[in-house]
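Have your viewer ready and your selection tool at hand. We will go from stop to stop, and at each one you will hear what to select and what is there.

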Amino acid sequence: MRNWKKYQWTLLSALAIITYSCASMGTPDGGPYDEMPPKFVGSNPGLHAVNAKSKKIELEFDEFIKLEKPSEKVVVSPPQLEQPEIKVVGKKVVVELLDTLKKSTTYTIDFSDAIVDNNEGNPMGNFTYSFSTGESIDTLEVSGTVLNASDLEPIKGIQVGLHKNVNDSALTTLPFDRVSRTDSRGHFSIRGVAPGKYRIYALMDGNQNYLYDSKTETVAFSDSLIIPTMMPATRQDTIWKDSLTIDTIKTVGYTRFMPDDIILRAFKEENTRQYLANSQRDKENHFILKFSAKADTLPTLKGLNFNAENAFVIEANEGNDSICYWIKDSLVYQQDTLILQADYLYTDTLDNLVPKTDTLYLANKLTKAQRQKLQKQEEEKKEKERKKRVKKGTDSEPESIPFLKMNVDAPSSMDVYKNIGLTFEEPIARIDTSAIHLSVKEDTLWVDTPFLLVADSVVPRKYDILAEWLPEKEYQLKIDSAAIVGLYGLHTNKIEQTLKVKKLDEYGTLLLNLQGVDHTAIVELLDNGGKVLRQQRVTPEGTADFYYLAPNAKYYVRLFNDRNGNGKWDTGNVEQHIQAEEVYYFPKVWEMKANFEFEETWNVHEVPVDKQKLDDIKKQKPEEAKKVKDRNKERAKKLGRTS
């Protein structure tokens, strides 16, 4: 008892010190964050196992894990016709292949960055597991980028596959031998490849059968055979002390797998299968026929409950695949339903164009009784308003005359390269050009100046007034009443409008000297939204110049090789082994200045194609790479510590 009393004070003091120390050193925020990604510790079959027989694969890690977006990120090669079952069980990923295993084949399961720890979401990194059903493992790789052929946009999530069968028919008859999928940068890596010669393709496989069997699927192919190789190489690895200070730069050896710079330009083929896709009577006085593909001729229409001979004003687009029929006779378009016989060419099951006849029933959105009721209600409303005005003694306003609606595009400050535009809501029956007057101001007098009125070749019901627009000059446009009469008898109201053409020194100029292309190429000037502002064919001297550019605006330049000389970009054709027309972007933006001239030399092959389009005009933005969350520094800062 005396011994206890002797040491009692000493023990209590020590206990108090320990308790205080624990309290003062504790971490009220719960302790440091786990910033370590999961580690692979083993698998069954083993990593790089040979002569494997099991279709069930178990991958074990050092902590509890989860999979993020496995359907997007996890790729099994060779491709599986029946999708494998992939699940997480505690610290394991369990993959069960449902297809029969192929003999003497290397299997790879590319997880990308899908494996993360369960609590903090720290990614493991690009983890790939492989095994072989044969005596050895294939370890070669090929990599590259898939771009949209028309605008060099990276394509995310498209399959890229290799065929050992180098015949062109393999794409449509056999599934890929090896497969990968692109990331947000359009980049792909195909792993576990055996030595040999291959064809490479990209395919946005709509029905997941790894075959190109529909022209609605985006596809790409390479003109060259792919021969995988590898070689020793070195690279510079930088070790940082912090985000601003370099510690050391090391030269590190690695194995380089080639080719690693494959560029695939993906496209959708032009659909050539012709059929009537849709018929719609969207308004009382006209209807629209839409066909699935372009046609050389218009369909022939026969009225079954009216006379269709010379009954329409027809507005067809360039390919005759969208056709608007304006009905001339009001007695015809007031019918509730028009019954038509349409004769046209149709693509049969053998891909032959054969005659086809359809009977079309084009119903008005409202019946005649409904239209009459609405008209009566409108008339009653007007009469009621008139009586109110009579009662107030203000019924002296003349009844408004309905005019043909016309939109006049003639801004008060007009660009020197533009023309005045007139657009209408219905087809035009008659134009009296003598009732249209254009004059230019000379000193204080308005003097008539010559002009041409021409129908726009692309936009229906649009007319352009062409003239020699002189910089800094004032112009006056006058259109007399009844100068223009529409299809249904309405005429335009009188118009009087003045405008002034801008000064030349209000514009900038871009002069381009092109290298690596011939005069069949077409250069397009784009805004920052990708809209084509102007286009110009390259001259025999290899130049393309753009004048009268508005200042304080950003401009970009794109070029395509117009191989067939039709003035527009054309897609490719797999069966005929025709690539889409090649597109290039000048990797530069111009912020135009007034009265300033830029002159540039552009070799379209100087910068790799996948590096040409600037990030600020890409619609497919690259996703940030998943990184381990460095949150302990922030935690230490909050606790007032330096580390």
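Select strand 1 (residues 40-44) together with strand 2: the two run antiparallel and are joined by four bridges. Strands here are DSSP runs of E with at least two residues, and helices are runs of H or I with at least four, numbered from the N terminus. Two strands count as a pair if DSSP finds at least two bridges between them. Now pick F40 and look for its bridge partner in strand 2, which is F61.

Before moving on, note that this is a predicted model, where local features need pLDDT of at least 70 and side-chain atom pairs count only at pLDDT 80 or more, while totals for chains, interfaces and linings use all residues. Residues are numbered from 1 along each chain as its sequence is written, and side-chain values use heavy atoms, with hydrogens and water left out.

Which residue of strand 6 is the bridge partner of I57? It is V95.

Next, show the side chains of strand 2 (residues 56-61). I57, L59 and F61 form the covered face, while K56, E58 and E60 form the uncovered one. In a regular strand, side chains alternate between the two faces of the sheet.

Now for some backbone stops. Select S77 and P78: the peptide bond between them is cis, with omega near 5°. P78 sits in the loop between strand 4 (75-77) and strand 5 (85-89). Then jump to M258 and P259, also joined by a cis peptide bond, with omega about 0°. P259 belongs to the loop between strand 17 (246-258) and strand 18 (262-266).

Go on to S112 in strand 7 (residues 106-112). S112 is not a glycine, yet its phi is positive, about 50°. Most residues other than glycine have a negative phi, and most peptide bonds are trans. Is S112 buried, partly exposed or exposed? It counts as partly exposed because its relative accessibility is 24%; buried means under 20% relative accessible area, exposed over 50%, and partly exposed in between (1.4 Å probe, protein chains only).

Finish with E472, in the loop between strand 33 (462-466) and strand 34 (474-479). E472 has a positive phi too, about 70°, and at 47% relative accessibility E472 counts as partly exposed.
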